[in-house]
Amino acid sequence: MTKLIRVLFATAVLPGAALAVAGVLEDAWAGRLPDPVATHWSGGPNGHSALGTFTGVALGLGAVAVLLLATSAVTALRRGRPLPRPTVGVGAGFAALPAAVLLSVLVANLDVPDWQAARSGLAVLPFLLGAAILGGIAALVGGLPSPPAPETADRPSVGLRPGERAFWSGRAVNPAMLWALALVPVAIALLPAGLPWQTGVWIAFVGVVVTALTYRLSASVDARGVTIRFGLLGVPWRHFSLEDVREATTRELTTFGDGGLGLRFNPVTGTTAYKVRGGPALVLALANGRTVLVSVDDPETGAGLVNDLLAQRITRID
């Protein structure tokens with residue numbers, strides 16, 4: 001199976017087949033469905049739409065999603081940078097979502113006298129699961145590895161000599177997040193009367209946890225690879241062995257670029273950013289064609305050590 005056929009099967013055939021099945025079943029069941037049909041639930045049915053209108057909108061949205069996904073995937077493939085596997089899977093799942101919603105509405109309304117007698121809206125759950133499974137299959141079939149980018153001619157180096165051991169650690173802290181941590185309980189206390197204290201405590205707790213997990217970031221490099229840690233406890237964390245890294249460089253990041261602060265993933269470019277601030281960042285070009293950005297101080301030394309370790313093919317400390 002060629003790459004183009006794989007991409008088209010994953011991004012056009014699979015979600016397109018789901019739309020076709022939904023359309024065929026709507027036509028076959030038309031005589032067994034009320035018109036209008038229930039399309040919204042809150043405990044029981046509380047909203048309805050004309051059967052033809054709802055079907056047309058659902059199939060139309062699905063067709064547009066399939067067209068956009070397939071066009072983007074084929075264009076990326078022809079440019080030599082195929083869409084990453086997560087992008088293909090998420091895209092195919094979303095393209096099949098209108099079909100899943102339409103099928104759930106048809107099943108809930110099948111053989112009932114009117115829309116108010118429709119079955120539970122929970123009928124949508126198995127169809128949503130089906131769309132997720134379809135997305136997983138699409139990711140396996142149509143997700144292709146990106147070719148490695150050309151290596152940079154002038155890579156950073158720290159001059160590590162053969163046989164030498166070295167360790168580097170860099171970190172970054174966002175003081176604004178610490179202020180937010182301190183002010184959240186005060187802000188909750190000053191909210192207008194009427195908010196249950198349990199809700200206020202819960203909001204404050206969530207704010208404290210999120211801040212504690214994200215206000216600081218650290219990265220370290222040794223002969224085993226690169227380790228990235230978030231927050232006070234160093235969790236979540238990520239480790240890249242030297243075999244996973246092709247080269248390391250540095251770049252300047254803007255505060256709200258690359259998706260903003262926190263852990264950000266761009267499914268189109270395959271870039272993962274670990275950020276607590278703008279400024280200098282360590283850039284890891286991975287062997288699978290993806291890129292990792294880490295906003296830490298003194299990234300030049302970290303990048304140089306990574307490159308020197310790669311050049312010497314050191315994979316562990318004895």
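How many helices and how many strands does the secondary structure of the chain come to? The chain has seven helices and eleven strands, where helices (H or I, at least four residues) and strands (E, at least two) are DSSP runs numbered from the N terminus. The model is a predicted one, in which local features need pLDDT of at least 70 and side-chain atom pairs count only at pLDDT 80 or more, while totals for chains, interfaces and linings use all residues. Residues are numbered from 1 along each chain as its sequence is written, and side-chain values use heavy atoms, with hydrogens and water left out.

Of the 318 residues in the chain, 42% are buried. Burial is assigned by relative accessible area: under 20% is buried, over 50% is exposed, and values in between are partly exposed (1.4 Å probe, protein chains only). Contact denotes heavy atoms within 4.5 Å. Among contacts between residues at least 6 apart in sequence, 68% join residues at least 24 apart.

Two helix pairs were examined. Two packed helices are described by the angle between their axes and the distance between the axes. The axes are lines fitted to C-alpha atoms, for helices over the stretch in contact, and angles run from 0 to 180 degrees between N-to-C directions. Helix H2 (residues 51-78) and helix H3 (residues 85-109) have axes that come within 8 Å and cross at roughly 165 degrees. H2 and H3 are therefore roughly antiparallel, on a scale where angles under 35 degrees count as roughly parallel, over 145 as roughly antiparallel, 65 to 115 as roughly perpendicular and the rest as oblique. The crossing of H2 and H3 is left-handed; this term applies if the near helix is turned anticlockwise from the far one by less than a right angle, and right-handed applies if clockwise. On the H2 side the contact is made by Leu-51, Phe-54, Thr-55, Ala-58, Leu-59, Leu-61, Gly-62, Ala-65, Val-66 and Leu-69. On the H3 side it is made by Gly-91, Ala-92, Ala-95, Pro-98, Val-101, Leu-102, Val-105 and Leu-106. The contact of H2 with H3 has 15 nonpolar, three polar and no charged residues. In this classification Ala, Val, Leu, Ile, Met, Phe, Trp, Tyr, Cys and Pro are nonpolar, Asp, Glu, Lys and Arg are charged, and the others, Gly among them, are polar.

For helices H1 and H4, the axes come within 8 Å and cross at roughly 160 degrees. That angle makes H1 roughly antiparallel to H4. The crossing of H1 and H4 is right-handed. H1 contributes Arg-6, Val-7, Phe-9, Ala-10, Leu-14, Pro-15 and Ala-18 to the contact, and H4 contributes Leu-134, Ile-137, Ala-138, Leu-140, Val-141 and Gly-142. By class, the residues of the contact of H1 with H4 are eleven nonpolar, one polar and one charged.

Backbone geometry was considered next. A cis peptide bond, with omega of about 15 degrees, joins Asp-35 and Pro-36. Pro-36 is placed in the loop between helix H1 (3-29) and strand S1 (37-42). Asp-111, which is not a glycine, has a positive phi of about 60 degrees. Asp-111 lies in the loop between H3 and helix H4 (124-142) and is partly exposed at 46% relative accessibility. Asp-298, also a residue other than glycine, has a positive phi near 55 degrees. The loop between strand S11 (291-294) and helix H7 (299-312) holds Asp-298, which is partly exposed at 39%.

A search of the whole structure finds one aromatic pair. The rings of Phe-230 and Tyr-274 have centres 6.0 Å apart and planes at 40 degrees, so the pair is tilted. Rings of Phe, Tyr and Trp (its six-membered ring) pair if their centres lie within 6.5 Å; planes under 30 degrees apart are stacked, over 60 edge-to-face, and the rest tilted. The pair links distant parts of the chain, with Phe-230 in strand S5 (residues 225-230) and Tyr-274 in strand S9 (residues 271-275), 44 residues apart. Phe-230 is buried at 3% relative accessible area, and Tyr-274 is buried at 6%.

Tyr-274 is also among the contacts of Val-294. Val-294 is in strand S11 and is buried at 0% relative accessibility. Leaving aside neighbours within four places in sequence, Val-294 contacts Leu-217, Ala-219, Ile-228, Tyr-274, Pro-280, Ala-281 and Leu-282.
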